[in-house]
Amino acid sequence: MTSYLPAGWTTEQIRTLSQDRSATPLSPDRLVVVGGPDQNEYGTLQPEAVLRFHDLCHVLDDGEWYMGQLGTDGSVVCWASYGPDLAEAIRNL
């Protein structure tokens with residue numbers, strides 16, 4: 001079975017830290033975009049990991065965790081980077 005978790009993390013650790021019992025890793029095989037400074041332009045991310053917290057997601061791309069909204073089609077639109085520390089990004093949910 002393929003694990004979609006970031007290295008060194010378990011689903012239980014993510015759920016405990018986020019206090020979200022439904023938090024789950026998702027396949028990174030999806031469209032993920034991030035808004036530009038004026039939010040009228042978007043860049044495409046190449047996700048290494050995607051973690052779902054209800055309809056919000058954290059997406060790992062090139063060592064940075066981004067926050068985004070999960071769409072009904074499975075795509076994610078991100079609006080900000082929360083840095084390289086997953087624990088800190090989860091605390092900012």
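This is a predicted model: local features need pLDDT of at least 70, side-chain atom pairs count only at pLDDT 80 or more; totals for chains, interfaces and linings use all residues.
**Notebook: a first look at the fold**

I started with burial: 42% of the 93 residues of the protein chain count as buried.

Next I looked up the secondary structure, and found 2 helices and 7 strands. Going along the sequence, I read the pattern as α-β-β-β-β-β-β-β-α.

Then overall dimensions. The C-alpha trace spans about 35 × 25 × 25 Å along its principal axes. I checked the radius of gyration too: the chain has 12 Å, which agrees with the value near 12 Å for a compact globule, because that is what 93 residues would give.

What makes up the largest nonpolar core? I listed 11 residues: Leu-26, Val-32, Val-34, Leu-45, Val-50, Cys-57, Val-59, Tyr-66, Leu-70, Val-76 and Cys-78. Strands E2 (32-35), E5 (56-61), E6 (64-70) and E7 (76-81) are the elements that give two or more residues to this core. There is also a second, separate core of 10 residues, including Ala-23, Ala-49, Phe-53 and Leu-86.

Leaving out residues up to four places away in sequence, Val-76 touches Arg-30, Leu-31, Val-32, Val-33, Cys-57, Val-59, Gly-68, Gln-69 and Leu-70.

For contacts in the whole chain, I took those with a separation of 6 or more: 35% of them join residues 24 or more positions apart.

Last, the surface and the charges. The chain exposes about 5400 Å², with carbon and sulfur atoms supplying 49% of it. I noted 5 positive and 13 negative side chains, and the centres of the two sets lie 13 Å apart.

Methods:
Residues are numbered from 1 along each chain as its sequence is written. Side-chain values use heavy atoms; hydrogens and water are left out. A nonpolar core is a set of buried Ala, Val, Leu, Ile, Met, Phe, Trp, Tyr and Cys residues joined through side-chain atoms within 4.5 Å. Buried means under 20% relative accessible area, exposed over 50%, partly exposed in between (1.4 Å probe, protein chains only). Helices (H or I, at least four residues) and strands (E, at least two) are DSSP runs, numbered from the N terminus. Contact means heavy atoms within 4.5 Å. The radius of gyration is taken over C-alpha atoms; the globule rule is 2.2 Å times the number of residues to the power 0.38. Accessible areas come from the Shrake-Rupley method with a 1.4 Å probe; for residues, only the protein chains shown count as cover. Lys and Arg count as positive and Asp and Glu as negative; His and the chain ends are not counted. The place of a charge is taken as NZ of Lys, CZ of Arg, CG of Asp or CD of Glu.
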